[in-house]
Amino acid sequence: AGRLFLGCAQNAREVAKGTNPHGITHVLNVSDGLVLGPGEVNGLATEWVPIADDGEDPVFAPAQSEAEYEAAVTADPGARPQGAWWRCEAFLRGALEAPHGARVLVHCALGVNRSATIV
């Protein structure tokens with residue numbers, strides 16, 4: 001059986017409410033809207049790495065610390081976060097390399113663009 005699942009925000013909400021036929025243990029949200037708070041929600045390990053829907057975020061750029069992002073926004077209020085892939089990769093690797101057989105849902109708003117890019 002698979003361990004990596006692609007979906008939408010509604011799928012994540014359903015899993016958090018207990019409708020979880022695939023046994024999802026981790027949820028990675030890559031939409032620009034908060035769906036489930038990062039940390040733990042109803043026994044699920046969750047992470048939120050916001051990526052804008054317009055495709056203009058430099059997702060695969062070098063990783064950027066929070067301090068670097070804050071400095072970039074101070075210099076240019078329109079600055080976008082860069083390197084989202086590296087945060088996603090760390091969450092996915094941590095989940096999938098764990099010995100307990102984690103099953104991860106990666107989602108964005110509709111499950112067809114940002115989440116597919118990350119998976």
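The exercises below, each with a worked solution, concern the predicted model shown above.

Residues are numbered from 1 along each chain as its sequence is written. Because the model is predicted, local features need pLDDT of at least 70 and side-chain atom pairs count only at pLDDT 80 or more, while totals for chains, interfaces and linings use all residues; side-chain values use heavy atoms, with hydrogens and water left out.

**Exercise 1. Helix H1**

Task: Determine which residues of helix H1 are buried, and what covers them.

Solution: 

Step 1. Helices (H or I, at least four residues) and strands (E, at least two) are DSSP runs, numbered from the N terminus. Helix H1 comprises residues 9-17.

Step 2. A residue is called buried under 20% relative accessible area, exposed over 50%, and partly exposed in between (1.4 Å probe, protein chains only). In H1, the residues Ala9, Ala12, Val15 and Ala16 are buried.

Step 3. These residues cover an arc of only 125° around the axis, so they lie on the same side of H1. The arc is that of the directions from the helix axis to the C-beta atoms.

Step 4. The cover over the buried residues of H1 includes strands E2 (26-29), E3 (39-41), E4 (44-48) and E5 (104-107).

Step 5. After H1 comes Gly18, which has a positive phi, near 110°.

**Exercise 2. The surroundings of His26**

Task: State where His26 lies, whether it is buried or exposed, and which residues it touches.

Solution: 

Step 1. His26 belongs to strand E2. Its relative accessibility is 11%, which means that His26 counts as buried.

Step 2. Contact means heavy atoms within 4.5 Å. Leaving aside residues up to four places away in sequence, His26 touches Ala45, Phe91, Ala95, His100, Ala102, Arg103, Val104 and Leu105.

Step 3. The side chains of His26 and Thr25 are also joined by a polar contact of 2.7 Å. A polar contact is a pair of N or O atoms within 3.5 Å; within protein, one must be able to donate a hydrogen and the other to accept it, and residues adjacent in sequence count only if both atoms are side-chain atoms.

**Exercise 3. A link across the sequence**

Task: Explain why the salt bridge between Asp53 and Arg114 ties together parts that are apart in sequence.

Solution: 

Step 1. In this salt bridge the closest N and O atoms are 3.6 Å apart.

Step 2. Asp53 lies in the loop between E4 and H2, and Arg114 in helix H4 (residues 114-118), so the pair ties together parts that are 61 residues apart in sequence. Helix H2 comprises residues 66-75.

Step 3. Asp53 is partly exposed, at 46% relative accessibility, whereas Arg114 is buried, at 7%.

Step 4. Not counting residues up to four places away in sequence, Asp53 touches Asp32, Asn113 and Arg114.

Step 5. Asp53 and Phe91 are 38 residues apart in sequence, and their C-alpha atoms are 21 Å apart in space.

**Exercise 4. The phi angle of Asn42**

Task: Describe what sets the phi of Asn42 against the general rule, and where Asn42 lies.

Solution: 

Step 1. Most residues other than glycine have a negative phi.

Step 2. Asn42 is not a glycine, yet its phi is positive, about 50°.

Step 3. Asn42 is placed in the loop between E3 and E4. With a relative accessible area of 65%, Asn42 is exposed.

Notes
Salt bridge = Lys/Arg side-chain N within 4 Å of Asp/Glu carboxyl O.
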